[in-house]
Amino acid sequence: MELILALLQQLSVFLVIAYLFSKSPAFRPLASTVLQPRHKLLLYAIFSTFSILGTYFGLPVQDAIANTRAIGAVLAGLIGGPLLGTAVGLTGGLHRYALGGFTAFACGVSTTAEGLLGGLVHLYLVRRGHDSELFRPALAFVTTFMAEALQMLILLLLARPWHEALALVQTIAAPMMLANAAGAALFISIMRDQKSMYDTFGVLFSARALNIAEHTLGLFAQGVDLAAAAPAIARIIQRETGVGAVAVTNRQQVLAFVGLAADHHRPGSPIASELTRRAIAENRILFADGLSEPYHCVLRPDCPLGSALVVPLRLDNEVIGTIKLYEPKRKLFLNLNRTLGEGIARLLSEQLLRSRYEEQKRLLITSELKLAQAQVNPHFLFNALNTIIAVLRQNPARARQLLLHLSDFFRKNLKRAGDLVTLADELDHVNAYLAIEQARFDGRLQIEQTIEPALLNLKLPSFSLQPLVENAIKHGFSQRLEPGRLSLRGRQCDSCVILEIEDNAGCYQPNPAHDGLGLSLVHRRIQNLYGSAYGLSVTCQADEWTRVCLKLPLPQEAP
Amino acid sequence: MKRRALVVDDEAPSRQELVELLAETGRIEVVASCANAFEALRALQREKPELLFLDIQMPVLDGFALLQLIDESLLPQVIFVTAYDSYALKAFQENACDYLLKPITAERLNQALDRLDRRTGHPLALQTTLRPLRQLPCSSTNRIRLVDVRQVEYVVCEPGGIYVVTASDRAFCDLSLKIIEQRTALLRCHRQYLINLDQVDEIQLQGQGLARIRTRSGQLVPVSRRYLRQLRSHISQL
């Protein structure tokens, strides 16, 4: 009984060391299931030390040592496999052998056997796919218990004189089997707790990174404007990382500053820190950890900030600014926050690039649209004026009507190209245009219009229909000698709205030069706005008809 | 004496306006106003005007194409009338007398007629560079179209006019036999017939210098004594 207590006592010392070890960085590699050779070597060193310490802390009993040496060997086998277990067992065993006594040889052999036993259990479980069981305290208890029983057996077999061995075993068997098994179980439970803590930590880290990604996603939706987005960026990063302060700068000045020392780090002031200037000039991440390289605020000596991370923000590999994370002097700059900070900067750089691409795409379409309008209108205008002058002679009232249509047409044309309008608006534009063309061709052009009234409030990009109608007249109707018929149809389907423009000329040729800018421009604008499921398609029956079909999202689905 | 003129424009209001303006000048008699090149070809042959007011953008055959189809002996002076200034250079290369932009003012119209007066005494020829015709403007019962010269088997001049005959079809053509002979690869085989050698199946000699051609679709075309020799030498050169 006394022996059990004594063993448990030394076990406590042992477990304290184990606990401290589990908190040290050296433990971290053990948290992963797959061990690299480097980590196995580390494990070997650690568990051999445990094993040897177990012998040192042991109590001399009848010219032998009651000890906790087995824990190191068995756990090494359990965690690292047969090879590691045997190696640790052998090391612990050799050490024990060197100490001498009548059980020296038997103990040396038995410790090696114990390590091997742990390793065999490991092998058995891994082969069956029960890797997670390895860290169960109950398993460690049973395995160690069996290992100690094995050791007793070996003692009886190998130690001479036999009767002394028997007496020894009778004294130490129960205490050692119990103490070692309990120790191993406790040890493994400490390791398990630490391991699961790392796992939870990993989950938290990912969640935080995703959170930041989500919050920063829309920041550059309105275009590449770092100054406008800076306060939001700084706020989000500070909230999610919990660092002392966060700043966003462009190449010259501070755009936003959030957190400690915001009283003298003012947005709008020029960049004072040498660290930041260097990060910009060298286009790389710089870190003043506060220990080997302290961060000194040049603005005020009593500034509480003591460490800083400066990450350049890049756009097309050119530095356009920086993001800075600070911690106060009394706090350590966490590695975690360093990684997060770098990741955020990379994320923002990618968003900036994407945003610039989108912006350029938008600009291109808008300017093409303006160009197309500028190209088309003079021809139309002169033909229209010529028609109206001719009509004026015959029928002044009708000429007045036509002038009103013309003015209506141009007013609609002057609207900004990017705007969304209702279908009713767009049809007004088209009808003003058609009224003039009908007068111009004097009854040779017939128009049919069947649009579901419910669709009149549908929103669509301005200039979606007019270019298509103009196209049908220019490249369809006016190429034919026969009278022309133009149908405008609009209907709602299950999943979309279909607008159709059909002429009876059938002159369509899929030739980009022939289309003018009209068709492809309308198509690209709609795809850009609503996605590739929508847009424009043309079908043609030569000499019979050409049908241009515009597919738009249902009103409630339009963004 | 008023000049006799033809107005060609596919837009009715525009056409009417020009006719009114011309009447106001008191210098022009408009003998016909046409809505397309086909009508114009017929009116040219019928009226033989000395002046043509010609729109450029028209369906099927534009103003420049029309000029290519006019018999040299009938070529009038040409004043282009258009809403676009982008054709001006080409118009003058075609030796046009003037180029009017719509809407037309009375002053500008009078200037153009003055210029025409100064030009009198010069040969009227519009020295267009004549290109081979690849299509013949034709009208059948109720439609107007262009017939590909390669499809044509023969062309015949009948009391009613010129007819272009293909394997499947027979259409009235507004061009003269002489113009078709000059501007296509079709060969004269008879005073009233042109034949497409590519569509000939066989030539049946009938003695006395006469012959008959059977076309690929089996139609028969007479060959007169006068043209048989020329036809033979032509074939031997192939």
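Guide: Contact here means heavy atoms within 4.5 Å. The model is predicted.

Visitor: How many residues of chain B are in contact with chain A?

Guide: On the chain B side there are 22, and they touch 21 residues of chain A.

Visitor: What area do chain B and chain A bury between them?

Guide: About 1900 Å², with 51% of it on carbon and sulfur atoms. In chain B, the residues that lose the most area to chain A are B:Glu11, B:Pro13 and B:Glu17, which together make up 28% of what that side buries.

Visitor: How many salt bridges are there between chain B and chain A?

Guide: The count is three. In one salt bridge, the side chain of B:Glu17 meets that of A:Arg393, at 3.0 Å from N to O. Helix H1 of chain B, residues 12-25, supplies the largest share of the side that touches chain A, eight residues. By class, that side of chain B has 12 nonpolar, three polar and seven charged residues.

Visitor: How many residue pairs are in polar contact between chain B and chain A?

Guide: Seven, counting pairs with both residues at pLDDT 80 or more.

Visitor: How many disulfides does the structure hold?

Guide: A disulfide is a covalent bond between the sulfur atoms of two cysteines. Over all chains, the structure holds zero.

Visitor: Is A:Cys297 buried or exposed?

Guide: A:Cys297 is buried, at 12% relative accessible area. A:Cys303 is also buried, at 2%.

How values were computed
Residues are numbered from 1 along each chain as its sequence is written. Chains are lettered from A and ligands numbered from 1 in the order in which they are written. This is a predicted model: local features need pLDDT of at least 70, side-chain atom pairs count only at pLDDT 80 or more; totals for chains, interfaces and linings use all residues. Side-chain values use heavy atoms; hydrogens and water are left out. Buried area is the accessible area (1.4 Å probe) that two parts lose on being put together, summed over both. A salt bridge is a side-chain nitrogen of Lys or Arg within 4 Å of a carboxyl oxygen of Asp or Glu. A polar contact is a pair of N or O atoms within 3.5 Å; within protein, one must be able to donate a hydrogen and the other to accept it, and residues adjacent in sequence count only if both atoms are side-chain atoms. Helices (H or I, at least four residues) and strands (E, at least two) are DSSP runs, numbered from the N terminus. Ala, Val, Leu, Ile, Met, Phe, Trp, Tyr, Cys and Pro count as nonpolar, Asp, Glu, Lys and Arg as charged, and the others, Gly among them, as polar. A disulfide is a pair of cysteine sulfur atoms within 2.5 Å. Buried means under 20% relative accessible area, exposed over 50%, partly exposed in between (1.4 Å probe, protein chains only).
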